[in-house]
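Hi there,

Here is the structure I promised to pass on.

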Amino acid sequence: MQSLSTFCSKGASLPASSMDSHSLRRRRKKSWGHDSPLGSSSSSCSRQSSISSGLRGLRRQSRCWRSRIFASGVKLGFFEHTRAPSGKYFSLALALDQEQLGSGHVEGLPMFDGEVDENEHEKKTVLSEKERVDVRALASSLKDAKTADDVEDLFKNMDDLPLPVYSSMIRGFGADKRLDPAFAVVEWLKRKSKETHSSLSPNLFIYNSLLSAVKLTRRFDKVDEVIKDMKEQGIVPNIVTYNTLMSVYLEQGRHKEALNVLADIENNGLSPSPVTHSTVLLAYKKMNDAYGALGYFAKLREKYQKGEVGKDSSEEWESEFVKLKKFTIHICYLVMRQGLVNEENPAPNVLKLLTVMDEAQVKPGRADYERLVWACTRESHYTVARELYNRIRDMGSDISLSVCNHVIWLMGKAKKWWAALEIYEDLLDKGPKPNNLSYELIVSHFNILLTAARRKGIWRWGVRLLNKMQDKGLRPGSREWNAVLVACSKAAEPSAAVQIFTRMVEQGEKPTILSYGALLSALEKGKLYDEALRVWEHMCKVGVKPNLYAYTILASVYIGKGSPEMVDSILREMRSMGIEPNVVTFNAIITGCAKNSMGGSAFEWFHRMKVQNIKPNEITYEMLIEALARDGKPRLAYDMYLRACNEGLQLSSKAYDAVLESCESYGINMDLNALGPRPSEKQKSTMIRRNLSDFCNFASLPRRGRPFDEKEIYHSQGHE
């Protein structure tokens with residue numbers, strides 16, 4: 001409600017006759033601060049001294065003080081504060097608790113109930129330049145007044161002043177947190193009226209000012225006293241009184257009681273003012289009841305459209321109604337934002353409230369939607385962020401690029417990479433133009449998908465992702481190309497690997513050792529040994545230095561080609577390059593021997609491995625047992641199985657079955673109980689999947705009805 005500490009009202013200032021325009025401006029800047037005489041409390045003795053000094057100064061002007069007030073529109077300087085903004089929301093009359101209680105009009109706000117009559121009264125009490133009164137000095141003399149006697153000491157030799165002077169002082173005392181002099185002035189007015197039968201008695205505006213002072217000083221225990229006194233004096237409350245009472249209840253956290261005041265207003269035949277409606281909305285805001293605020297506004301709008309609201313008022317209801325609507329939207333925005341920040345899973349509640357707002361035809365603007373998008377930071381927020389993004393797009397207005405980037409980031413965090421790509425496509429098609437951050441975000445999402453395709457061997461989706469990147473103007477780097485090459489290698493697709501490698505070179509991307517290693521692996525798995533050797537020669541020719549992984553593949557190539565004697569030269573070359581073979585290298589050699597039924601060579605490499613102090617693992621024993629079983633050496637396979645078990649290794653059921661089948665095939669009687677129970681089936685950590693639907697399930701991507709076309713491998717940039 002509008003603060004009583006701000007005045008631009010007519011009759012709210014009584015400048016002295018000697019004041020010029022410069023002194024008026026200077027006095028506007030003064031307030032009750034620490035530098036003011038009113039800035040500190042005083043003892044009873046100092047209070048009497050202050051009143052006496054004020055009397056000496058004021059009595060010299062008593063002859064020119066008349067029962068009139070100069071209505072010049074000058075601010076009341078002795079308790080001047082900063083005015084609250086009056087435009088964005090009507091909550092300025094609420095959240096800031098600033099209300100004009102029967103005084104003048106503040107520019108930008110509606111004239112509140114009770115102001116017109118008082119202004120008319122003030123217009124009739126215009127003083128001449130010689131009759132101006134310094135209200136600041138008058139109030140300063142009363143700053144320490146505690147009783148009506150203290151006030152009488154100041155005013156006993158003075159003519160009566162108009163009531164607006166006293167109401168202004170009372171509001172000023174409230175703004176400066178001095179409630180005692182405010183009550184003292186009211187008690188003095190009551191006593192003066194009773195003793196002298198003067199017309200100078202407290203009226204509605206005096207009590208409204210006193211009630212406002214009680215609210216400003218937060219002396220809520222005095223509220224009932226003021227209301228009781230009003231009834232005893234026969235003062236009938238007006239809408240401003242009720243508005244102040246509602247505000248007091250809100251200050252105390254008594255939200256339900258504040259709403260109940262609305263029923264009292266209607267029962268007493270009063271028409272709620274814009275401040276009343278905004279105070280009710282403020283109560284719903286403090287209760288975080290967005291649905292209550294929407295329901296109240298919907299009923300108010302219905303009455304407004306029927307002409308039942310504001311028909312007998314001078315209020316500019318059209319503009320005030322717009323402010324009330326904005327305040328209702330703001331309440332809903334705050335509730336949704338608090339839910340996004342504090343609740344674990346706020347999406348259902350936020351989406352429901354948005355739907356109810358649509359039904360009530362109270363829709364937020366683009367700025368509110370974008371602020372809500374920024375509040376979406378957790379994975380569970382992605383549905384809300386996408387809904388808000390779509391709403392902004394549907395409005396046909398511009399959208400902030402930073403908001404779009406935030407939604408792209410959030411979609412990636414929630415593993416909705418395809419949804420992020422669709423937003424990036426909107427940036428390309430509808431704007432705004434993506435920037436470097438947009439590019440980096442979407443490329444990072446592609447890398448996540450490509451990494452998943454590489455890890456699972458889903459090379460077809462890797463190819464499609466590369467094509468999609470190029471279609472959207474994104475240039476794949478070596479990381480992206482290598483991911484697809486590794487996927488081709490895991491899926492044993494040498495032809496696809498060759499085409500991807502070729503496209504990589506054609507696009508101007510220089511292959512790395514990882515690129516060559518993946519291509520060599522794909523060719524080795526496809527038993528294209530000669531092609532693999534040519535790739536090796538080309539790799540060395542262009543100056544790419546082999547690593548342990550590449551040498552290991554080359555050893556497998558020679559084993560597969562039937563040239564095991566070349567493996568020794570490869571190991572010597574490795575050592576000359578400072579690369580020591582490890583268990584992976586020997587496992588690859590033993591695996592090659594097993595695939596080519598070279599059990600003796602496999603067993604020989606196993607012993608060389610032990611000589612070089614390289615500890616075998618499960619894969620070493622499993623491939624060795626498989627090689628020995630195939631080569632007709634069941635006893636040796638049996639011994640290797642027991643040896644692995646004694647070393648604490650957990651072999652697969654495949655090795656157990658190979659020993660069992662080999663013994664049965666060659667009629668060898670062995671103590672099978674020594675082998676122990678058959679191991680359970682091991683689940684592969686990496687599954688090579690050739691079905692595109694598997695990848696759709698993983699990445700939450702749309703299922704495409706069309707099958708993979710081999711021509712997609714040969715995709716060129718810009719080709720659809």
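Below are my notes on its salt bridges.

Please keep in mind that this is a predicted model. Searching the whole structure turned up 32 salt bridges, and I have picked out a few to walk you through.

Let me start with a network of salt bridges that links Lys143, Asp144, Asp176 and Arg178. Within this group, lysine 143 and aspartate 144 pair through their side chains, with an N to O distance of 2.6 Å. Both lysine 143 and aspartate 144 are buried. For aspartate 144 the relative accessibility is 6%.

Aspartate 144 also forms a salt bridge with arginine 178, at 3.8 Å from N to O. Aspartate 144 sits in the loop between helix H4 (135–141) and helix H5 (148–155), while arginine 178 sits in the loop between helix H6 (163–175) and helix H7 (179–196), so this pair ties together parts that are 34 residues apart in sequence. Arginine 178 is buried too, with a relative accessible area of 13%.

The other pair I wanted to show you is arginine 630 with glutamate 626, a salt bridge whose closest N and O atoms are 2.8 Å apart. Where do arginine 630 and glutamate 626 lie? Both are in helix H30 (residues 618–630), four residues apart, which is about one turn of the helix. Glutamate 626 is buried at 14% relative accessibility, whereas arginine 630 is partly exposed at 46%.

Definitions and conventions: Residues numbered from 1 in each chain as written. Predicted model: local features only at pLDDT ≥ 70, side-chain atom pairs only at ≥ 80, totals over all residues. Heavy atoms only, no water. Salt bridge = Lys/Arg side-chain N within 4 Å of Asp/Glu carboxyl O. Buried < 20%, exposed > 50% of the residue type's maximum accessible area, 1.4 Å probe, protein only. Helix = DSSP H or I, 4+ residues; strand = E, 2+ residues; numbered from the N terminus.
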